[in-house]
Structures are given as structure tokens and as C-alpha cells.
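Open the model in your viewer and keep the sequence panel beside it. The stops below say what to select and what is there.

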Protein chains: 2
Amino acid sequence: MSIMNIRKIVKENNLEELFNAVKIGIEKEGQRVLESGDISKTGHPKTFGIRQKHPYIQTDFAESQIELITSPENSEKNVLRYLAAIHEVVLKNLPTNEFIWPLSIPVKLPNEEDIKVAQFEDKWDVEYREYLVKKYGKYKQMVSGIHYNFQLSDNLMKSIADIENKDIVDVKNNIYMKLARQFIRYQWLLVYLYGASPLVEDKYYYNSNDKPKNYVRSIRMSRFGYVNDEDIVVSYNSLEEYIDNIVSYVETGKLIAEKEFYSSVRFRGEDTVKKFLNNGIKYIEFRLFDLNPYAPFGILEKDIRFIHLFIKTLVWIDEKDSVKSVEIGKEYSEKIALAHPLSKPEYLEEGLELLDNMKEMVKELKLSETDLILIEEKENELIDSTLTIGGRLVRDYKSSSPLEVGMKLAKEYKKQAMEKCYSLKAFENMELSTQALIEDAIRNGIKVDIIDENDQFIRLEWNNQVEYVKNGNMTSRDSYISPLIMENKIVTKKILAEQGFRVPKGYEVSTLDDAIMVFNYVKNKPIVIKPKSTNFGLGITIFKYGIDNIETYSEAINLALKEDKDVIIEEFIEGTEYRFFVIEGKTKAVLLRVPANVIGDGVHTIEELVEIKNNSPLRGDAKKTPLKKLELGEIEQLQLKEQGLTIHTVLKKGQVANLRENSNISTGGDSIDMTNEVHSSYKKLAVKIADAVLAKVCGVDLIIPDIKSEVDNNNYGVIEANFNPMMMMHIYPYEGKSRRLSLDILRMLFPDKNII
Amino acid sequence: MSIMNIRKIVKENNLEELFNAVKIGIEKEGQRVLESGDISKTGHPKTFGIRQKHPYIQTDFAESQIELITSPENSEKNVLRYLAAIHEVVLKNLPTNEFIWPLSIPVKLPNEEDIKVAQFEDKWDVEYREYLVKKYGKYKQMVSGIHYNFQLSDNLMKSIADIENKDIVDVKNNIYMKLARQFIRYQWLLVYLYGASPLVEDKYYYNSNDKPKNYVRSIRMSRFGYVNDEDIVVSYNSLEEYIDNIVSYVETGKLIAEKEFYSSVRFRGEDTVKKFLNNGIKYIEFRLFDLNPYAPFGILEKDIRFIHLFIKTLVWIDEKDSVKSVEIGKEYSEKIALAHPLSKPEYLEEGLELLDNMKEMVKELKLSETDLILIEEKENELIDSTLTIGGRLVRDYKSSSPLEVGMKLAKEYKKQAMEKCYSLKAFENMELSTQALIEDAIRNGIKVDIIDENDQFIRLEWNNQVEYVKNGNMTSRDSYISPLIMENKIVTKKILAEQGFRVPKGYEVSTLDDAIMVFNYVKNKPIVIKPKSTNFGLGITIFKYGIDNIETYSEAINLALKEDKDVIIEEFIEGTEYRFFVIEGKTKAVLLRVPANVIGDGVHTIEELVEIKNNSPLRGDAKKTPLKKLELGEIEQLQLKEQGLTIHTVLKKGQVANLRENSNISTGGDSIDMTNEVHSSYKKLAVKIADAVLAKVCGVDLIIPDIKSEVDNNNYGVIEANFNPMMMMHIYPYEGKSRRLSLDILRMLFPDKNII
């Protein structure tokens with residue numbers, strides 16, 4: 001099939017949107033190292049589960065070489081987001097003394113016999129690695145890099161096939177073959193820009209004679225990298241020739257398997273190259289990129305974007321000489337790789353021309369100004385090699401040793417990951433509970449898709465089982481009717497009372513007149529007046545010792561009527577309120593919420609104590625943090641006044657000053673885990689209550705006078721059963737043990753998987 | 001055990017609320033008759049399912065004698081409500097020429113051989129009736145009445161037992177024995193007030209010598225009613241004696257079973273009287289009451305209340321002479337029953353004294369003024385017999401024949417039931433779909449409880465299976481996540497598109513600036529702009545032929561942004577929108593919605609045509625009616641203007657004037673059933689779409705250019721998948737066949753039951 005003019009087809013048929021709808025995925029290897037820079041000798045952390053089929057966290061050649069994988073994403077932002085999230089999950093779960101080496105080549109190579117091949121569960125995976133060891137030695141396999149997976153839209157391919165009246169498989173193979181040749185032809189430019197493996201210990205070369213004598217741009221991308229023997233030559237002239245070559249190398253034993261063919265370009269989507277003829281190439285893997293040590297995750301978002309534009313330009317422009325492309329390209333690339341990082345590029349003019357082509361394409365596709373600025377930035381790097389990553393690196397090596405440079409960055413990146421332990425930073429604009437769930441899912445090898453970020457709507461997938469989750473714990477495991485029961489306090493109460501649970505007696509009214517009609521029934525009894533539906537404690541008044549003044553009573557009714565059209569007047573049961581978190585028939589956590597308070601130390605004023613307490617990283621807006629910062633507003637100061645205190649009072653050591661009456665976390669309350677303290681009979685009671693409202697996930701609020709004694713019919717009261725109960729206050733309590741409920745949610749959703 | 005002073009205990013221990021918390025249930029028999037007044041010879045209607053275990057609709061002695069049963073309710077209002085609802089269900093489902101005779105005794109008795117004993121499925125039930133025929137003759141068993149079931153609160157019994165330090169079973173039996181004696185003692189007053197069986201055909205008496213010669217108050221409650229032989233005498237002195245007497249009559253064969261003991265009072269709650277000794281009497285059945293022909297359902301709410309107060313007074317006051325109570329009471333009652341309805345009562349003073357006692361109790365219990373007025377009303381009736389039901393009846397018999405009086409009322413009650421066919425009037429403040437579900441459940445013998453009326457929350461129960469339903473079709477059958485998927489259009493679309501359904505392409509924006517950024521992508525293409533979440537069609541703009549004016553585009557965006565913070569700009573797919581109603585993997589109904597319109601007749605103006613169309617009983621506010629009344633407001637008049645019409649235009653015959661652009665039922669649109677018209681492949685498609693969003697109950701909106709052709713990938717578009725889809729527009733469409741979806745919901749909920 002003759003070469004198609006993609007540019008012309010796209011422009012003439014308004015296919016710009018489809019041409020821009022690419023999918024990108026990143027695979028990033030990295031060595032686990034100790035603070036000394038030595039490669040870690042520990043096994044792949046068990047907390048990441050089984051590495052085979054893990055969608056995000058695997059190992060490559062060596063046991064110490066962790067490989068992070070993103071799924072194909074439709075934007076650079078999303079690719080980096082997943083890469084960042086997976087990194088963070090890995091770094092949070094490494095042993096304290098381990099880091100990820102931020103460069104492609106470790107500065108300290110272990111003795112060859114100390115290098116441990118990745119301990120895959122599958123025998124063949126291990127044997128394959130042993131074979132590679134014999135053929136290439138172990139050192140080369142210490143080298144890490146980034147693989148960039150790229151796919152053009154299937155709908156684009158389909159449209160082109162329709163327009164050109166061609167078979168879609170031919171169209172795909174035609175375009176991807178062209179892209180492969182073009183990429184090899186011009187990859188020197190990427191080696192120039194992104195080469196970042198300037199040095200390696202001598203023993204790496206064994207007894208080679210022509211090893212580089214100075215810093216180079218990329219040992220990894222030179223002939224000293226992980227490359228095939230020189231006699232392995234595969235043609236890119238046509239897919240047929242390409243397949244023939246590879247198949248025959250495997251047949252004659254020159255390659256043990258197709259995957260032993262190491263090229264900067266590899267066609268993907270089938271388990272054997274032969275199948276491309278019938279099914280078409282699905283996507284291309286570009287294996288060219290050294291780790292960028294200045295990027296916390298090995299590559300910057302803007303470079304993912306630049307490479308995307310670079311690749312697309314290669315499809316966009318015409319090929320100059322398709323037959324010689326590969327030969328020329330390899331020669332150029334090798335020369336650039338082995339040149340000093342601060343040297344001028346030999347092919348400057350060609351590079352500038354290509355960048356011009358990129359800019360032209362960006363304009364023709366009406367892409368953004370940012371893209372043009374990005375390309376100009378690379379133009380500058382092309383002209384001034386000190387601006388390249390390699391250039392920057394060797395400049396840094398002048399003031400610090402390569403070990404120091406690498407470890408400083410490695411430590412910095414780990415520190416960043418460990419900050420705000422309760423958050424998964426790549427997803428930090430989502431709710432904390434969803435962040436926790438995503439973090440646990442990524443670590444356990446459950447695939448995560450964000451369906452609607454603003455709505456906290458995600459999809460989890462494992463072993464062909466798909467589960468949707470909203471707000472961290474709203475799932476298919478619960479029935480539609482159960483949250484509707486819990487949403488309506490009247491309904492909940494009626495059902496619980498009928499089933500014999502002790503529910504505070506109450507009346508529902510919708511007008512002040514109705515409320516006054518029942519005043520005689522509730523007069524002088526301990527009561528609470530509250531809106532029928534409320535989630536934030538608004539409009540609630542408690543008369544702990546009863547009320548006989550009808551005007552005060554009426555005020556409370558009106559306050560509640562402001563929040564909802566229906567109001568509940570309810571028996572107030574003495575005791576302390578605890579939250580029981582039930583998941584699938586088990587109480588997983590019990591929490592006490594204490595009103596906002598400070599405790600004196602005999603030195604500081606209340607104002608100062610508040611500031612000290614607010615310094616905790618757990619405190620913030622109680623949305624992006626597990627707890628709320630204390631405030632000293634009108635309500636708090638009134639509360640202090642009632643205790644004979646002001647914000648300037650210096651409390652005695654141990655003296656408690658309450659800042660609030662209510663114990664909501666959202667008004668600065670403390671959360672205290674009591675799971676082990678509460679009598680087991682209450683945990684069983686909470687489960688029965690959840691069962692009664694048909695709930696799998698349920699936050700049961702019980703009033704209990706004494707949590708140590710066994711439950712009977714008179715020593716508790718059910719306040720509420722909550723659907724979508726908050727998880728973070730249990731996961732990061734102010735005091736007591738963390739209860740990682742997000743893991744329990746995963747266990748509920750994937751009972752066949754061993755969630756760690 | 002000595003007699004307790006309930007009044008004293010209640011007052012001293014503040015048990016008033018518990019004493020008032022009684023449960024009341026009604027059983028009401030009635031004969032199905034033809035317009036001629038003859039007893040119907042048809043079988044018990046099959047539409048009511050199996051009569052045994054039917055909680056609401058059974059038959060009593062004769063096949064024509066339908067028995068309506070309410071569950072025990074905690075207020076007179078609720079009792080009457082269920083009684084009304086069951087009546088309505090029965091009347092709606094009787095053959096057109098059948099009515100329910102509103103009096104206890106039919107005016108026309110059939111020949112004895114034509115009376116058909118109720119055809120129960122259970123052989124013993126039929127045999128028992130055959131035995132009764134032999135012993136008592138068939139005629140007596142044509143008589144119908146009301147049984148009034150009464151239960152004091154268990155918590156009251158428990159409190160009294162605690163206070164008196166007695167066993168709760170003894171307390172119950174003690175109180176209910178006293179009540180039984182007292183009731184018999186004073187029942188004459190109720191016979192006086194409620195007696196309403198003044199006459200019967202002669203053949204009823206066979207060859208009796210002392211048959212009444214004139215109208216009497218109650219043949220049914222006299223010795224000519226359904227009573228045991230004179231030698232059956234059961235003592236009420238103690239529960240032990242009572243049990244001994246009954247058991248020995250059964251053992252000696254004088255009674256075939258315990259239930260053959262006919263008394264105005266019967267203890268209930270166990271299958272044999274012996275068990276009361278250990279378990280306690282649960283409640284009492286009072287079998288005294290004639291049907292009140294002037295009450296559409298056989299008894300008025302105020303009389304349910306009066307009888308409640310009467311019964312409670314009997315518990316409240318002391319017994320005068322417990323040993324002679326039964327004997328005196330029977331004598332008084334018989335005399336009152338066989339007296340002329342217009343005669344003065346023999347025991348006026350005693351009656352007035354009892355009513356005074358009632359008033360005193362009402363005051364002591366702080367009950368309402370209405371209760372006092374009600375008692376005074378009965379005082380007046382006691383003094384003036386013309387005011388009693390019996391008195392009113394014989395006065396009516398002066399101007400019309402008993403047949404005319406009865407049939408007029410029977411017809412009136414049936415007419416009332418048939419009005420507003422789409423509504424179940426007793427529950428008409430609930431949503432229509434819930435009314436339909438309740439109606440179908442009652443008819444099919446599924447027990448219905450209203451859990452929260454304002455929230456459309458009901459409970460259904462059959463064969464120990466409990467199901468909660470909100471808003472007519474929100475049930476446990478759907479999962480929690482499914483409506484959350486559908487609620488969010490972005491999520492729905494993403495999931496449907498991923499699974500290969502044709503979903504209009506679109507963009508989500510949250511600001512006008514965002515919207516302007518994508519303007520280039522959508523310019524000149526057919527698009528619809530709509531808020532992300534809307535259920536009422538607000539804020540939606542359609543540019544059918546595209547838009548190139550950015551200002552008009554911006555206006556539409558702003559309009560949508562008023563309704564939701566997120567707005568969708570979406571490809572507009574040409575065709576007509578249909579609603580597919582899917583229940584559990586089947587498309588049960590397909591509906592076309594047509595914008596509000598009138599069709600000309602060459603005579604009337606548009607204004608007149610609107611009035612004519614609005615006369616349909618189906619049209620109203622579209623909440624309490626299936627369709628909305630047409631309006632001629634600003635929007636409608638503008639719409640007419642665009643068609644060159646005014647409200648004064650006389651349309652040609654067949655000429656259509658649209659009053660609206662949108663087709664929502666809520667703005668007067670017509671609903672047209674298309675279930676049989678649409679190609680079956682679309683029905684399957686709708687099911688697959690419901691499956692994709694994990695829904696059991698789902699309203700799928702599809703755009704289809706031609707419903708007759710088979711579906712392919714290009715001839716449809718999915719607009720939306722709706723949770724809690726409206727059912728009434730399918731049940732009562734403007735045009736086409738009714739699809740009773742409420743029945744399908746019941747079938748889904750109770751797959752083991754044969755729903756008719």
C-alpha cells in the first residue's frame with residue numbers, strides 16, 4: 001500500500017479532533033536503593049501483592065528493579081497523575097531505609113553475584129531472566145528507563161479507512177510502520193534532549209576497549225546499553241519483512257523469544273508479531289527514554305506532551321527516504337548518545353527543521369499556545385546544550401558527586417511522597433476517603449478508573465470483575481432501598497422500633513402548631529429537637545433536663561423548621577454517643593467524638609493552645625484533612641465564657657476547656673478510636689441494627705452510658721443509622737488506632753482477592 | 001386475682017399515653033348483589049387471588065358474601081383508610097352489574113337452594129359451612145355485620161404488671177375478662193345506636209311463631225340473628241370457667257368447633273382458648289355491629305372512635321356486679337334489639353350515666369374536645385331515637401321501598417369508588433404511582449404498611465417476605481450504585497459509550513469561558529445544551545440546525561448554568577424520543593411524548609379546544625392526575641404566534657396547533673403508548689442499556705428516526721437512563737393501551753407469588 005498523506009486526509013476531512021485523541025501510557029523502571037546508594041537486597045515488598053498481572057507495580061529484570069505502569073490515558077495530565085500516584089504508593093510502602101534511584105544507571109553497581117534476578121512466581125519468567133544474564137551479563141540489566149506507549153485513535157483509523165476506501169488493518173499497519181521508521185530516523189533529537197545516563201562504573205564495561213572516556217549523553221541509549229548483538233538486523237521496510245526477520249531469528253535461536261528483540265520501537269497489542277498482519281498493530285512502545293532525575297516521577301508532564309507532539313509530527317510530515325531512515329537514524333542516535341552532554345548537536349539544522357514542522361502542525365491542528373512555547377523551549381535546548389537534562393546533570397556533578405546528586409533527589413522525592421500521609425496527592429482534589437480507596441486499590445493491584453472526579457465516582461476492576469464506587473463506600477453491595485431507609489429518620493426509627501431496638505420515642509411535626517399540640521407529652525422530659533433530615537448538626541437543640549417553657553420550646557422548633565419542613569421531637573437518652581462503623585456484618589471500628597477542646601499545660605493561654613493543636617498536619621478544613629482546625633469565633637468564646645474562661649486564660653495542667661457543645665468533627669471535634677475498648681456485645685448490636693435497615697455499609701450511632709458493660713435492652717439508645725458514613729475519622733483518628741476501612745471496602749467488593 | 005382499678009393505676013402512674021395507644025381492626029362482611037337487589041350468583045372474583053390467607057379480601061359464609069379485613073391500626077383514621085381502600089379495590093373490580101348491599105340483611109333473600117356456600121380451596125372450610133347449613137339453615141348466614149377488634153397496648157399491660165407486681169398474662173386476662181363482661185352488660189346501648197337490620201323476608205323465620213311483627217332495631221343482634229342454641233351458656237366469671245365451658249361443649253359435640261360459639265365478644269390471638277391461660281388473651285373481637293347503610297364502608301370513622309371510647313370506658317370504670325353482668329346485659333340487649341327503631345330506650349338513665357362516665361374519662365385522659373362533642377351527639381340520639389341509624393332508616397322506608405333505599409346507596413357507593421380511576425382515594429395524598437402499587441398489592445393480597453406517607457415509603461409483605469418501596473419503584477432489587485450512575489449524566493454516558501452504545505458526543509463545562517473554549521468543536525453542528533442534572537426539562541436549549549452565533553450560544557449556556565453548576569453541550573441526534581420502561585431485563589412499555597397540543601374540529605377556537613381537552617378527568621396538576629391541564633400562558637401564546645395562530649383561531653378539522661416546543665407531560669404533553677408499535681430490537685437495546693447501568697428498573701430515553709426498522713449502530717441515540725422513572729404516564733396514557741407497570745413491580749418483588 002502506498003504511503004498516505006495523513007496531513008492532507010486529516011485537514012480535508014476535519015479529522016483534527018480524532019487525530020488529537022491519542023492514548024498514552026508510561027512504564028517506568030527504577031532501582032530500590034539504600035541511603036548509601038547501594039542497591040537494596042530486600043525482596044519486592046510483599047505489600048504490593050502478586051507482581052504478575054499487577055496493573056501498576058511490577059518488577060523488571062532485577063528483584064530490586066521496581067516497574068511502575070500507567071494504563072493508557074487520554075491526556076498527559078492523566079498519565080502523569082497515575083504515574084505520580086503509583087510512585088507515591090510505592091514510596092509510602094518501601095522500607096524506611098529504601099529509596100528509588102532517580103537516574104537510569106545506579107551510581108554504585110553491586111557485585112555481579114549479588115544481583116538478584118526478579119523472583120517471579122512463574123518459572124518461565126525467572127528462567128528467561130537467567131538466560132539474559134548468561135547472554136548479556138547482569139550489569140546491563142541494572143539499567144532503567146521509561147517506555148512510552150502511544151496509540152492513535154481507532155476512530156481515526158476507521159475514518160481514514162472509510163475515506164481512502166481501504167482496509168482498517170492496512171491503514172493501521174501502514175501508519176504505524178511509517179511512524180516506526182520516522183521515529184528511528186529522528187530519535188537522535190530525543191536522545192539529545194532527554195539523554196541522562198552520563199556515567200557508569202568501569203566494571204559495567206567488563207573488558208571493553210572502546211568504553212567512553214568522559215561523560216556522555218546516554219550510555220543507556222548507546223551501543224553500551226541494553227541492545228542486541230550487532231548481527232541482529234530487522235527491516236522496517238514493510239511489516240512483512242519485519243515479521244519475517246524476527247520470526248527467523250527466533251527460529252534459528254539467535255533470539256530466545258520475540259521480546260528479546262531490543263529496539264527503541266516495538267509494535268504492541270498481540271502476543272506474537274505474526275498476528276499484526278491480520279489484526280493490525282494496536283499501539284507502539286517507544287523504549288528510548290532515560291529517567292529524568294529532575295522529575296519526581298522520572299518524566300515531566302510537559303515532556304510527555306512534547307514527545308506526544310514529536311510522535312504525531314512524524315506521522316504528519318512526509319517521509320524523506322523511507323528505505324534509509326533506519327540506518328541513518330541509528331547512526332545519528334548513536335553519535336548523539338555518546339557525545340559529551342555539553343557538546344553541540346551534530347544535526348542542529350535538521351533538528352530545528354523538525355521543531356519547525358512540529359510548530360506548523362500545532363498551528364494547523366489549532367492546538368494551544370502552550371504547545372508552541374514548549375517547542376520553543378526545546379529549540380533553546382537544541383541551541384544551548386547546557387539547558388538539556390544531560391547538560392544540567394554534568395554541571396551539577398561539578399559541585400557534588402553523582403552519588404550526592406542522586407541521593408539528594410531520591411530523598412527529596414521520598415519526603416514529598418510521605419507528606420500529608422492521609423492524602424494521595426495526585427488525586428487530592430477528590431475526597432479523602434476516595435483517595436484512601438484509590439491508594440489501597442493501586443497498592444493491591446486493582447485497576448482504578450476515575451469516572452467523574454467531581455462526583456467522587458470511580459471504577460475498580462480486578463480479574464474481570466468491575467465495581468463502581470461513589471464517595472468511597474457507596475457500592476453495588478448495598479441495595480437501593482437501604483440508603484433511602486436511612487436517609488429518612490422516621491422510617492429508620494419505625495423499622496428499628498418494630499424490630500425491638502431501643503429507639504428514642506418521638507413525634508414528627510411540620511408546623512409550630514403541631515409541635516405545640518404535643519408539648520404536653522414531652523414537657524419536662526429530656527428531649528432533643530431536630531430537623532428530619534440533616535447531616536451537619538444544624539438546627540438541633542437539646543433540652544437535657546427537659547423544658548417547661550413553651551416559648552423556649554417554640555424557638556427550638558422554629559430553628560429546626562428552618563432546616564427542614566419536618567421536625568422531630570425526641571426522647572433524649574443519657575449517655576455518650578459512639579459511632580459504630582459496620583461493613584458486611586462486622587463492626588470494623590468504633591469511634592468517640594469529643595467536642596472541640598484544648599487541654600492546659602500550666603503555661604500557655606487557650607489562644608496559644610489552640611494554635612499548638614492546630615499545628616497538627618491532620619487539621620485543616622476537615623475536607624482535605626481528617627480533622628478540622630479549632631476556631632475561636634463567637635460560639636467558641638461564648639462557650640468559654642460559660643466555663644468562666646477567656647481566650648487569654650492560662651489553663652492548669654490537665655484542665656480541659658471545651659470550645660463547643662457539639663462533638664462534630666466538622667466543628668473541631670476530636671476523634672478517638674474505641675474499637676478495642678467497647679464491649680463486644682455493642683458491636684454485635686450495631687451489626688443487627690445495620691441488618692435491620694438492610695445495610696452492608698452503615699454508620700450506627702449509639703448512645704451508651706457504659707461501654708464496658710454488656711448490652712441489655714435499657715442501657716443504650718439508637719440515635720441514627722447513616723449511609724455513606726465518613727471513613728477518614730476512623731482511618732486518621734485524633735487518638736487511638738487507625739482503622740483502614742478503605743481496605744475493608746475493597747475486601748467487601750473483591751471477596752475472591754487477597755487484599756493486603 | 002382481684003379486680004384492679006385501672007383508672008387509679010393509669011392516673012397515678014401517668015400511663016395515659018399508653019392507655020390511649022390501642023390497636024383497632026375491622027372486619028366487614030357484605031353481600032354482592034345485582035341491580036335488582038338479588039344476591040349475585042357469580043363466584044368470588046378471581047382477580048382477588050386466593051382468598052385463604054388474603055389479608056384484606058376474603059369470603060365469609062356464602063360465596064357471595066365478601067369479607068373485608070383491615071390490619072390492626074393505631075388510629076381510627078387509619079382503620080377507616082384501609083377499610084375505604086379495600087372497599088374501593090373491591091368495588092372497582094366487581095363485575096359491572098354487581099354492587100355491595102349496604103345493609104346487614106339483604107332485602108331479597110334467594111331461595112335457600114340457590115345460596116352457594118363459599119368455595120374455599122380448603123376442604124374443611126367448605127365442610128364446616130355445610131355443617132352450619134344443616135344446623136342453622138342457610139338464611140341466617142346471609143346476614144352480614146362488622147366485627148370490631150380491639151387491643152390495649154402491650155406496654156400498658158407490662159407497666160401495670162410491673163406496678164402491681166403481677167404476671168403480665170394475669171393482668172391481660174384479668175382486664176380482658178372484665179371488659180368482656182362489661183361489654184355484654186352495656187352492649188344494649190350500641191345495639192340502640194347502631195342497630196340497622198329492621199326487617200327481613202318472612203321465609204327467613206321458617207315457621208317461627210314469635211317473629212317480629214314490625215320493624216325492629218336489629219334482627220341480626222336479636223335471638224333471630226346468628227346465635228347458638230339456647231342451651232349453650234358460657235360463663236364469663238373467670239377465664240378458667242369460660243374455657244371449661246367451651247371445651248366441654250366441643251367435646252360433647254354440641255359445638256363442632258370453638259369458633260361455633262357465637263357471642264358478641266370473643267377472645268382472640270390463639271388457635272384454641274386453652275392457650276389463653278399461659279399466653280394471655282391478645283385482643284378481643286366485638287361482633288355486635290350491623291352495617292351502617294349511611295356509611296360508604298359500613299361504619300363511619302366517628303363511630304369507630306365512639307366504640308373505642310365506649311370500650312375503654314368499660315375498662316376505666318368499676319364493674320357494678322360482675323356475676324350478673326352477662327345475664328342482665330343479654331336481657332337488655334335483646335329487648336333493645338327487638339324494639340321498634342323509633343321507640344324510646346328502656347334503659348335511658350343507665351345509658352346517660354354511661355355516657356357521662358365516658359365524658360369524664362375523656363376529660364381525665366385529656367382527650368380532645370371532638371370526643372366530647374361526639375359523646376354528646378350520642379346523648380342526643382339516646383334521647384331522640386329518630387336520630388339513630390335505625391330511626392333514620394325506618395323514616396326513609398316511608399318514602400321509598402327498602403329495596404330502593406338500599407340500592408340507591410349501593411349504587412352511589414360504587415359510583416364514588418369508580419371516580420378518578422387512576423387514584424386510590426384513601427391514599428390520594430400520596431403519589432399516583434404509589435397509589436397504583438398499593439391498589440395492586442391490596443387486590444393481590446400483599447400486606448401494605450405506610451411507613452412514611454409524605455416520603456412515599458411503604459412496606460409490602462407476603463409469605464414472610466418483606467419489601468420496602470419508595471416512590472413506587474425504588475426497591476431492594478436495585479443496587480445502591482445504579483441510581484448513582486444514572487443520576488450523573490457524565491458517568492452514564494461514559495459507561496454507555498465504553499460499552500459501545502451510541503451516545504451523543506458532548507462536552508462538560510462549568511463556566512461560560514469553558515463553554516466558549518469548545519465552541520469551535522460544536523459550531524454549526526446540531527447540539528443540545530443542558531444542565532448536568534435536571535429532571536424537569538429546565539434550562540435546556542436545542543440548536544437543531546447548529547449555531548454559529550457565539551452570543552446566542554452563550555445565552556443558552558447561561559440559561560443552563562442557572563439550573564446546575566455543570567452544563568453539558570451535546571451532539572443532537574435527529575429522530576423522535578421514546579421512553580422505554582425496563583423492569584428486570586424486559587421492556588414493559590414504550591411511550592411517545594407529544595408536546596402540548598390541540599387538534600381542530602372546524603368549529604371551536606383554540607381556547608375552546610383547550611377547555612374541551614382539559615375536561616378529561618385524567619388532566620390536572622400531573623401530580624394527582626396522570627396528565628397536566630393545558631395552559632394558555634405566555635409561552636403557549638408565543639408558540640401559537642410562531643405558527644401564525646392566536647387563542648381565538650378556529651382550527652380546521654384535523655389541523656394541529658402545538659402549544660409547546662417540549663414534550664414533557666408536566667407542561668401538558670400527551671402520552672401515547674407505542675409498546676406494540678416499536679420494533680422488538682429496540683426493546684432489547686433498552687434492556688442492554690439498563691444492564692449496562694446495572695439497573696433493574698430503568699427508564700431509557702432513546703432517539704429513534706424510525707421505530708419500524710431494526711436497530712443498527714447508527715439509527716438511534718441514547719439520551720438518558722432514568723432511575724425512578726414515572727409509571728403513571730404508561731398506566732394512564734393519553735392514547736393507546738394502559739401498561740400496568742405497578743403489577744410488574746410487584747412481580748419483580750414477589751417472584752414466587754402469582755400476581756394477577
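Contact here means heavy atoms within 4.5 Å. This is a predicted model, in which local features need pLDDT of at least 70 and side-chain atom pairs count only at pLDDT 80 or more, while totals for chains, interfaces and linings use all residues; side-chain values use heavy atoms, with hydrogens and water left out. Residues are numbered from 1 along each chain as its sequence is written, and chains are lettered from A and ligands numbered from 1 in the order in which they are written.

**Stop 1: two helices**

Select helix 6 (residues 168–194) and helix 11 (residues 348–364) of chain A, which pack at an angle of about 100° with axes 10 Å apart. Helix 6 of chain A is therefore roughly perpendicular to helix 11 of chain A (the term covers 65 to 115 degrees). Helices are DSSP runs of H or I with at least four residues, strands are runs of E with at least two, and both are numbered from the N terminus. Axes are lines fitted to C-alpha atoms, for helices over the stretch in contact, and angles run from 0 to 180 degrees between N-to-C directions.

Now show side chains: Arg185(A), Tyr186(A), Trp188(A) and Leu189(A) of helix 6 meet Glu350(A), Gly351(A), Leu354(A) and Leu355(A) of helix 11.

**Stop 2: a hairpin**

Next, select strand 8 (residues 447–452) of chain A, where 5 of the 6 residues are buried (under 20% relative accessible area, 1.4 Å probe, protein chains only). Strand 8 of chain A runs antiparallel to strand 9 (residues 457–462) of chain A, and 5 bridges join them; two strands pair if DSSP finds at least two bridges between them. Which residue of strand 9 stands opposite Ile450(A)? Ile458(A) does. The two strands form a hairpin with 4 residues between them, and Gln456(A) in the turn has a positive phi of about 55°.

**Stop 3: a loop residue**

Go to Asp621(A), in the loop between strand 18 (619–620) and strand 19 (627–628) of chain A. With a relative accessible area of 38%, Asp621(A) is partly exposed (between the buried limit of 20% and the exposed limit of 50%). Leaving aside neighbours within four places in sequence, Asp621(A) is in contact with Leu627(A) and Lys628(A). Ser666(A) lies 45 residues from Asp621(A) in sequence and 7.9 Å away in space, C-alpha to C-alpha.

**Stop 4: chain B**

Finally, select Ser325(B), in helix 10 (residues 325–338) of chain B. Ser325(B) counts as buried because its relative accessibility is 2%. Beyond its neighbours within four places in sequence, Ser325(B) is in contact with Arg181(B), Arg185(B) and Glu319(B).

Definitions and conventions:
Parallel < 35°, antiparallel > 145°, perpendicular 65-115°, else oblique.
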